[in-house]
Amino acid sequence: MDYQQAFERSPAPSLLLSCDLQIITCNAAFEQAVGLLRDALIGRPLFEMFPGRGQQQQVLLQSFQQVLSSAAAHQIPLLEYHLSTHVSLPHEYWTTTHTPLLDDTGAVTAILCQPLNISELVLLREQLAQTDASNPVEPLTLDLLGLLKAERERFNQLFQQAPGFVCILRGPKHVFELANDAYYQLIGHRQIIGQVLADVLPEVVAQGFLDKLDRVYTTGEPFIGRAIPIELQRVADGALEERFIDLTYQPILDASGSISGIFVQGHDVTEAHWLSQEVSFQAAHDALTGLCNRREVARQMAELEQLGGTHTLMYLDLDHFKIINDRCGHRAGDALLCEVARLLREHTQKGDVLARLGGDEFALVLPNCAPDCAHQRAQQICEGIRQLRFLWNGRRYSITFSIGVAHFGSEALASFSEGLGLADAACFLAKEKGRNQIIVSQPSDEEIRRRQQDMDWTDRLREAMREDRVVLFGQRFDCFSEATREEGMVCCEVLARLRGADDELISPGAFIPAAERYGLIAELDRHIIHKAFSILQELPPAQRQRTRYFINVSGLTLGSRGFVDYVFSTLAQFPQVQPGNVCFEVTETAAINSLAVTASLLGELVNHGFHVALDDFGSGMSSFAYLQHLPVQYLKIDGEFIKGIRNPPAGSVIVESVIQVARAFNIRTIAESVEWPDLVPVLQGIGADYGQGFALHHPQPLPF
């Protein structure tokens with residue numbers, strides 16, 4: 001609350017008059033007291049708005065003349081006068097105080113009129129006098145003076161207790177006229193009322209605050225500043241202390257429109273400013289290492305690109321960081337990252353930008369650095385990290401970096417984001433080629449371009465899942481044996497497609513390898529499972545009862561934490577779906593890589609009523625022995641063997657042997673890649689249970 005707000009919000013009616021008794025303004029309490037809006041009052045002569053009667057008007061005129069001649073306040077203890085438009089009493093009684101407002105020379109520039117309606121008090125006094133003439137009422141004047149004194153004290157408390165600092169400076173020398181408690185708390189020790197600002201606050205002169213005051217006093221233009229730093233000697237003979245203030249200088253005009261002083265208000269926002277600085281720092285820096293984060297480095301690079309030139313970007317990734325994290329725990333991993341950040345700082349030069357992009361990935365930008373120099377510095381970093389011996393719980397660990405280097409800027413014809421993608425792809429290639437090395441991205445390097453395209457697919461795939469643009473197709477199996485026809489199940493493999501931005505359908509060969517390479521396959525598999533269950537839920541009951549969806553699950557998904565629990569919880573979300581409606585397909589190679597674990601996980605699913613199919617059977621076959629350890633109901637014979645049937649005699653012999661072994665284990669067989677109609681009678685003849693391929697059914701959107 002500032003001084004003007006204190007005047008406006010005061011419950012005491014207040015009217016400001018010019019020396020010729022024109023109404024300058026009033027507060028809300030005066031509007032309420034007289035029943036008129038200030039817009040109807042401002043600029044009008046007082047006695048035109050409130051004419052009164054001859055004697056009443058004369059009493060007021062005499063009081064005003066006394067104030068103008070003596071430059072001192074005058075009070076009228078009791079005045080019968082009709083001011084209000086809404087009082088129902090036959091007589092209105094007021095007490096009023098008239099206070100002069102003075103300029104620097106002591107001349108009266110305006111009169112503050114503060115009337116108080118005491119009609120009810122006078123009426124009460126008369127009633128008391130009539131009921132008990134032997135006990136006269138105390139003189140009314142004493143009561144009124146007490147009321148006025150209490151009101152003034154309340155007004156002063158409002159001013160002093162305002163949360164913001166407030167002071168009034170008079171004249172061109174800026175003499176302190178008023179100041180509240182918050183202002184004294186800001187400036188500390190010293191007596192200021194009646195003193196020139198430059199004398200009692202000399203430290204602010206050199207900081208430009210006196211110039212700002214002079215400019216406001218001269219031009220009449222207010223000054224507003226936010227979080228302005230100011231140094232104040234808040235303790236006598238003490239050092240200067242920096243504070244930050246929101247500040248307003250507002251000119252004060254007299255009745256003639258001339259500037260007579262400056263109204264100063266504001267808030268000490270030091271703590272809020274420091275907190276804001278801390279929050280800004282945290283938003284731009286990695287909490288663990290204190291390095292710039294990804295967002296901050298992108299912001300700085302946008303500024304760097306505006307300057308032109310060609311710059312080098314290193315994408316640095318720790319090798320085998322996960323091993324230390326898993327063996328020693330996350331505290332050890334965090335300690336290692338801090339140690340690496342310290343070492344990288346030692347290899348930076350003035351102007352370089354070092355950032356932690358996330359996890360164990362860092363970026364170093366070398367502005368206007370020649371390629372040869374950049375490669376040399378990358379080698380120095382690799383050598384430095386090789387020499388680092390990380391010690392944890394008495395054991396030493398050797399650390400290495402894989403580094404991808406790319407160039408961006410005006411001459412490289414690449415933006416920072418494009419350079420970051422190229423450097424990331426080069427770093428990934430460095431890991432694939434054995435780690436602990438540097439790969440420099442060149443514009444003609446097709447291998448890096450392919451890696452980059454794969455990496456781009458990760459964002460596109462996430463976006464497609466988020467926007468529900470993963471479309472499920474199905475390819476139906478044909479029943480080849482009488483037994484499978486009698487079962488009456490309609491089996492089909494669930495196939496995923498992506499719907500692109502132009503509504504085109506993208507085949508899985510474009511995004512599945514990228515999903516597997518960059519760790520998105522488990523998320524994608526779960527997304528497909530959820531969507532397939534949802535489609536099954538919507539099928540008519542009779543159709544759903546004889547439908548079985550074969551859903552592919554990668555080895556990475558099967559081994560991921562909580563996969564089986566996810567399947568069970570998803571099943572609970574779709575109560576119309578039965579476990580028998582679903583068969584999970586697992587590739588042979590994924591199954592035998594970790595036979596015991598796979599058998600246990602698949603066993604949980606089968607015990608719950610789900611079916612399991614072993615996909616691409618024969619592609620990694622060295623023995624049939626492991627079949628007795630895997631709880632599978634279907635074998636999908638690898639398509640290469642099926643195609644080989646057309647090249648007798650070996651092709652059909654291999655397929656027939658697989659069918660016979662499967663039959664011994666009571667496992668149904670599905671022949672994949674039936675692309676030619678002439679394969680159908682051969683497969684039926686050697687005992688295959690089902691066939692799948694384009695010669696039998698072209699995939700179409702689910703459900704069908």
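The entries below go from a sheet to a strand, then to a loop residue and the cysteines.

**Entry one: the open sheet**

I began by reminding myself that this is a predicted model. In which order do the strands of the open sheet lie? I read off β12-β13-β11-β16-β17, 5 strands with mixed pairing. I then looked at the edges and found β12 (353-358) and β17 (438-440) there. Each has a single partner strand, so one side of each is left without a neighbour in the sheet.

Strand β11 (residues 310-318) runs antiparallel to strand β13 (residues 361-366), and 6 bridges join them. I picked out Leu316, whose bridge partner in β13 is Phe362.

**Entry two: strand β18**

Then I moved to β18 (residues 470-476). I noted that 6 of its 7 residues are buried, so the strand is mostly covered. Which strands does β18 pair with? One is β20 (residues 490-499), antiparallel to β18 and joined to it by 7 bridges. Here I found Arg476 opposite Cys492. Another is β28 (residues 700-701), also in the antiparallel sense, over 2 bridges. On that side, Phe473 stands opposite Pro701.

I looked for Thr289 and found it in the loop between α10 (270-284) and α11 (294-306). Is Thr289 buried or exposed? Its relative accessibility is 8%, so Thr289 counts as buried. A polar atom of its side chain lies 3.3 Å from the backbone nitrogen of Leu291. Leaving aside residues up to four places away in sequence, I listed its contacts as Leu337, Cys338, Ala341, Arg345 and Arg356.

How many disulfides does the structure hold? I counted 0. For Cys427, the nearest cysteine sulfur is that of Cys382, 9.8 Å away. A disulfide needs the two sulfur atoms within 2.5 Å, and Cys427 is in none. Cys427 counts as buried, at 2% relative accessibility.

Cys479 is partly exposed, with a relative accessible area of 23%.

Methods. Residues numbered from 1 in each chain as written. Predicted model: local features only at pLDDT ≥ 70, side-chain atom pairs only at ≥ 80, totals over all residues. Heavy atoms only, no water. Buried < 20%, exposed > 50% of the residue type's maximum accessible area, 1.4 Å probe, protein only. Helix = DSSP H or I, 4+ residues; strand = E, 2+ residues; numbered from the N terminus. Pairing = 2+ DSSP bridges. Polar contact = N/O pair within 3.5 Å; in protein donor to acceptor, adjacent residues only side chain to side chain. Contact = heavy atoms within 4.5 Å.
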